[in-house]
Amino acid sequence: MRASLSALLVLSVAPVVHAARGLEVALSRRELDSVGHIWTVWNASLGDPTRTRMAAFPDPVDLLPILGGWLDIFVGGALARMGATPVTAFNGALLLYVWLAGVGLYALSRVAGAPRWAAVAAGVLAQTDPFLLHHMVGGRSEQMASGLVALALAGAWASWRGGGARVAVLCGLAGAAVIYASWEYGFWLALAMVWLAPFAWWSGQAPGSLRRWGLAAFTCAVTAGPFALLFLGRTTQVRELTEGQTLMDWALPHSVALFGWFGDTEIRSSIWVLAPLILLPWTLPREHRRMGIGVALGLVLTLVMALGPSPGVWEVGDLGLGWSPYQSFQSLPVLGWFHTPERLMLGWFLAGPVACALLLARIGGRGRVGLLMGLLGAAGLVASNLHKAHLDDLLRVQRLHIATDPAYDTLRDHPRAGAVLDLPVVPAGIRALRYTELQLVHQRAIPAHATLAHLTSASDQALKERWTLAAWLTDEGLADEPPDDEALAADIAALDAAGYGFVVIHIQHIPKQHRATTRARLKAHLGRPVASILGRWWCYEIPTTSP
């Protein structure tokens, strides 16, 4: 028991190191995924985390089909409701996933036959792996749930080999957590279990193996089945089951090349962490070797599938083929939602540290000198991962900071109720992030949606067609046909009737030669700004016509 606690303590070092950098600033860069997840954590603190009226105002939005996973949002939302800022709450979810990555690979290595110290080394390798850090820096927290996948696989193999009912239940709970954490990883885990089941049978079964697997499957189904059905039911209302056939162009840049993936420019584990996979026929204990054959074949299969819609040897698509196994994969119902082939390489992230642990165990089993060599080897492997992460620019990043200003606080605390119309309207994507970030400060509903606006009513064109102000104030300057005073007055009255309380002008998006004209027209109809930041931001209150 004491040794297990010591192992968990060592695996807590990496999250503590990340936390020591400060939690008030995001651990991620300023990207669509990071801002989107922080926003969703904030929305979760307001009520139903899967629905909102705070974006795409005034229409309700179903958020369930938009995110790839929800466990991090549930965790972050709970922290936010306890008083943490959305950024700090999101960081808490990221740190949990970093810790679970270590715990998961520790458990998987132990089940594969590694001693405790070598399994701890595998856990630390997982926590320092560029694969994990890449997703943390990018704010893709659902892709950091690899540790839960490892726990589920470890539980499945342990329960097959003779673990008790408690192990089977824990395996089922880990599988359920994967489904909540990432639907992509949930499908990956299900396919991996189907693939590996014959090899488990070939390896021989302990008394009650099938019964324990049945208990694990039942536990998973009871715990996560209702959520999975809810996700599928609501997602199929806005997404085609085979939409992947129309999104091959999206998948192409997110594919890997057969040999190119092992080059220095790809986001992957250090080559020294992957190299021990070659030695598994010698380092894997005899009782696991038949399963090892299934794992090896599975790794090859995932590499083939990750080649994407146009396979390549050194670069994606360099073979010029018009068909690939991935295209057939995308034609299957629901699996067509899987648009990022490189994420199928998850198995390599899991197998590499386990192979390292088994190699270190062989070295460390040769007396005190061997143990010392094993510990030095573990340190060297961790250093190689960190060096690869440094080359990939994952260690020193420009972290996301949500700017505040007294002017934003004035808007938040203003007694006038109503949503905010940010102008000029900009297309969904990186340019719309500023509107979403400021909403975290002023906390009023907005009609924009920075990510996946095609699943909402928040397209920039729809807003321009609906509101005269939005059609007039564009990010390219003023429209050729400016609205007359009567049209502007009618538009402002309609905004008030629709529930808007403020018009905010982001001056940096308006060409300098048009700013004086813009301000004069708005002052004539809306008066002076109730809050402003010189040269950057004007906030006008919409007059109310209601009694």
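Student: Which residues have the most contacts inside the largest nonpolar core?
Tutor: Those are Val149, Leu350, Leu423, Leu469, Ile505 and Trp537, in a core of 152 residues. A nonpolar core is a set of buried Ala, Val, Leu, Ile, Met, Phe, Trp, Tyr and Cys residues joined through side-chain atoms within 4.5 Å. Buried means under 20% relative accessible area, exposed over 50% and partly exposed in between, with a 1.4 Å probe and protein chains only.
Tutor: One caution: this is a predicted model, where local features need pLDDT of at least 70 and side-chain atom pairs count only at pLDDT 80 or more, while totals for chains, interfaces and linings use all residues. Residues are numbered from 1 along each chain as its sequence is written, and side-chain values use heavy atoms, with hydrogens and water left out.

Student: What does Leu469 touch?
Tutor: Leaving out residues up to four places away in sequence, Leu469 touches Leu423, Leu488, Asp491, Ile492, Leu495, Val503 and Leu522. Contact means heavy atoms within 4.5 Å.

Student: New topic. How many aromatic pairs are there?
Tutor: A search of the whole structure finds 20. Rings of Phe, Tyr and Trp (its six-membered ring) pair if their centres lie within 6.5 Å; planes under 30 degrees apart count as stacked, over 60 as edge-to-face and the rest as tilted.

Student: Why is the pair of Phe57 and Tyr500 edge-to-face?
Tutor: Because their planes are at 85°, with the ring centres 5.1 Å apart. Phe57 sits in the loop between β1 (51-52) and β2 (61-62) and Tyr500 in strand β6 (residues 500-506), so the pair ties together parts 443 residues apart in sequence.

Student: Is Tyr500 buried or exposed?
Tutor: Buried, with a relative accessible area of 0%. Phe57 is buried too, at 17%.

Student: Last one: where is His288?
Tutor: In the loop between α14 (280-283) and α15 (289-306). His288 is buried, with a relative accessible area of 8%.

Student: And what does His288 touch?
Tutor: Val111, Ala112, Gly113, Trp157 and Arg161, again not counting residues up to four places away in sequence. A polar atom of the His288 side chain lies 3.3 Å from the backbone oxygen of Val111.

Methods. Helices (H or I, at least four residues) and strands (E, at least two) are DSSP runs, numbered from the N terminus. A polar contact is a pair of N or O atoms within 3.5 Å; within protein, one must be able to donate a hydrogen and the other to accept it, and residues adjacent in sequence count only if both atoms are side-chain atoms.
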